[in-house]
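Okay, thanks for coming, everyone.

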Amino acid sequence: MPEYKLIACLECDLLHRQVPLAPGGEARCTRCGARLYRRASPDSNQRALALALAACILFIIANIYPIVGLEVQGTHTSSTLFGAVKSLWEEGARAVATLVFVTTFFVPAAELIGLIWVLVTLRRGARGWGTVPMLHFIESVKPWGMVEVFVLGVLVSLVKLAHVASVEPGVALFSFGALMAMVAAAAAAFDADAAWAQLETIR
Ligand SMILES: [Zn+2]
C-alpha cells in the first residue's frame with residue numbers, strides 16, 4: 001500500500017494527501033482554495049540566481065555613485081548613500097543614521113550574498129558549508145530590507161527640495177530604483193521549498 005504524506009491547509013486546517021505535481025504546478029485546498037504547496041519550474045532557482053547577480057551589480061553602482069546632486073546659490077554638492085549616513089551621524093541623528101545603514105545597506109547586502117551563496121551551492125549539487133543557517137537567515141532578515149522605503153523617501157525629499165535648490169537625480173537613484181525591482185523579482189523567483197527539498201536529498 002503506497003504511503004501518503006498528509007498536509008494541512010494553513011487557512012482552514014483541512015487535511016489533504018500530498019500528490020506529486022508537474023513542474024510549475026501548484027496544489028490548492030479543496031475547501032477554501034488557499035495554496036497548499038507548489039513545485040517550482042526546474043529553472044526557477046536558476047532565474048533567481050541570475051536576478052540576484054544582476055541585483056548585486058546594481059547594488060554596487062547604487063553605493064558608489066551619488067544619489068543626488070544639489071545646487072544652492074552656485075554651490076554644488078552631491079552625496080552617496082554612505083555620505084548621507086555619515087552626515088546624519090555627525091549631525092547627531094545617530095539612530096536615523098543606523099536605521100538607514102541597516103535597512104538600505106546591510107540587510108539588502110546580506111540578503112543578496114546569502115541568496116547567491118545558497119543558489120550557487122545548490123547548483124553545484126553540494127550541501128556546502130553554512131547553507132542551512134543561511135537559508136534561515138535569508139528568511140528572517142527579509143522584513144528588514146527597505147530599499148523601496150528609502151527610494152520613496154528620497155523621491156519625496158527631491159520634490160520638496162526642488163523649490164529651494166536645483167536638484168539633479170544621480171546615477172545611484174536610478175540604480176536604487178532598478179535594484180528595488182530586481183530584488184523583488186529575485187525573491188519572487190526564489191523557491192525556498194525547492195531549496196529545502198534539494199537539501200533534504202543531499203543530506
Ligand atoms: Zn483550506
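So, the zinc ion first: in sequence its donor residues run C-x2-C-x16-C-x2-C. C12 sits in the loop between β1 (6–8) and β2 (15–17), while C29 sits in the loop between β3 (26–28) and β4 (35–38), so to speak distant parts of the chain linked across 17 residues; helices (H or I, at least four residues) and strands (E, at least two) are DSSP runs, numbered from the N terminus.

One caveat: this is a predicted model, where local features need pLDDT of at least 70 and side-chain atom pairs pLDDT 80 or more, while totals for chains, interfaces and linings use all residues. Numbering starts from 1 along each chain as its sequence is written, and side-chain values use heavy atoms, without hydrogens or water.

Back to the zinc ion: the SG atoms of C9, C12, C29 and C32 are its protein donors, lying 2.3 Å from it. Donors here are N, O and S atoms within 2.8 Å of the metal (3.2 Å for Na, K and Ca), and water is not among the atoms, so sites may look incomplete.

How exposed are these cysteines? C9 counts as buried because its relative accessibility is 1%, and C29 is buried too, at 5%. C12, at 22%, counts as partly exposed. The cut-offs are under 20% relative accessible area for buried, over 50% for exposed and partly exposed in between (1.4 Å probe, protein chains only).

And disulfides, meaning cysteine sulfur pairs within 2.5 Å? The count is zero.

Key. Disulfide = S-S within 2.5 Å.
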